[in-house]
Amino acid sequence: MSFTVRGSYFRSSRPHEHTRNIITLKTRSKSANTIPTRPDFSANFNINPRVVPPFSIQSCQKNTVVIKGPLEETSTVNQNKTRTGNKKSPQKKLKTIKSKAFSTFDLNPYKNDSSKQNRGSTSFRMYFDRGDLPIKMEYLCGGDKIGWTVDIDKLDYSLYLPLFFDGLSETQHPYKTYARQGVSDLLVAGGGKIQSVIPQLILPLKNALSTKNLEVMCTTLKIIQQLVMSSDLVGPALVPFYRQLLPMFNAYKVKNINCGDKIDYGQKNNMNLGDLIDETLQVLELHGGEDAFINIKYMVPTYESCYLN
């Protein structure tokens with residue numbers, strides 16, 4: 001028995017052999033015409049992950065790494081120590097990235113700036129450490145007090161008065177003790193010598209008020225009151241410099257101690273910042289002349305004149 005296919009010379013005694021050959025040809029033709037796939041370009045690029053803070057929207061994005069806490073970091077470090085074969089672990093790379101990320105910004109923007117002053121940046125500390133100041137400490141029964149090795153009337157106020165005012169921002173003993181008592185003694189014995197030195201005192205006063213230290217700011221406000229009342233010419237001479245001094249007054253004017261029905265035993269020290277600012281503004285208005293109230297009102301809008309009240 002023979003099977004013939006029309007249009008060809010193929011003859012076979014088995015009818016299924018011809019169909020089997022056709023199927024094999026079809027499968028070969030499909031495998032020969034395969035569709036080319038797209039190349040994977042992402043494998044050629046090595047993109048470093050971006051460090052983001054935890055509990056933020058950026059932590060949900062792709063190619064990001066969340067900054068871990070100190071407890072989680074110690075656990076990962078201990079795990080890396082046990083792995084001796086893995087020399088370059090990805091956790092070490094992330095640790096360097098985290099250190100760079102933390103160094104770019106400050107975690108506590110409201111901290112006091114007095115730490116910068118305690119590093120010996122003030123000129124008063126430099127002169128004191130070198131022994132160039134004509135002062136010494138006298139240990140008395142009522143307390144410590146500074147003594148002058150030279151007569152105060154013979155001192156050059158253009159040099160020593162700004163130098164002692166620069167020490168008002170100090171917070172460590174004995175620098176703050178020498179500076180504050182030295183300023184008080186120079187203002188008492190200054191008289192007419194102080195007016196010519198006022199432009200050199202504005203920057204030290206501004207630096208002391210900008211420390212955000214309660215003790216330093218309250219002491220500086222008391223020194224300003226003593227400075228204004230040391231001479232009749234000092235008050236009007238301070239009026240052109242209200243733009244440099246009074247912005248800090250406006251920022252802390254409402255900072256008062258609210259103890260409720262309790263007793264504030266610290267009133268004897270007079271360390272309430274809000275009350276000291278009100279007293280200082282009144283002293284500036286009383287001894288500043290005619291233009292004092294207008295300039296104070298321009299810088300501190302909530303201030304009311306002590307003449308009208």
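Begin by selecting L286, which has its place in helix α12, residues 273-287; helices here (H or I, at least four residues) are DSSP runs, numbered from the N terminus. What you have open is a predicted model, in which local features need pLDDT of at least 70 and side-chain atom pairs count only at pLDDT 80 or more, while totals for chains, interfaces and linings use all residues. Residues are numbered from 1 along each chain as its sequence is written, and side-chain values use heavy atoms, with hydrogens and water left out.

L286 counts as partly exposed because its relative accessibility is 45%, where buried means under 20% relative accessible area, exposed over 50%, and partly exposed in between (1.4 Å probe, protein chains only).

Next, select E170, in the loop between α6 (157-166) and α7 (175-190). Is this residue buried or exposed? E170 counts as buried, because its relative accessibility is 0%.

Finally, move to P204 in helix α8, residues 198-209, which counts as buried because its relative accessibility is 10%. Leaving aside neighbours within four places in sequence, P204 is in contact (heavy atoms within 4.5 Å) with P162, F165 and D166. Select F164 as well: its C-alpha atom is separated by 9.1 Å from that of P204, and the two residues are 40 residues apart along the chain.

Note on methods. Helix = DSSP H or I, 4+ residues; strand = E, 2+ residues; numbered from the N terminus.
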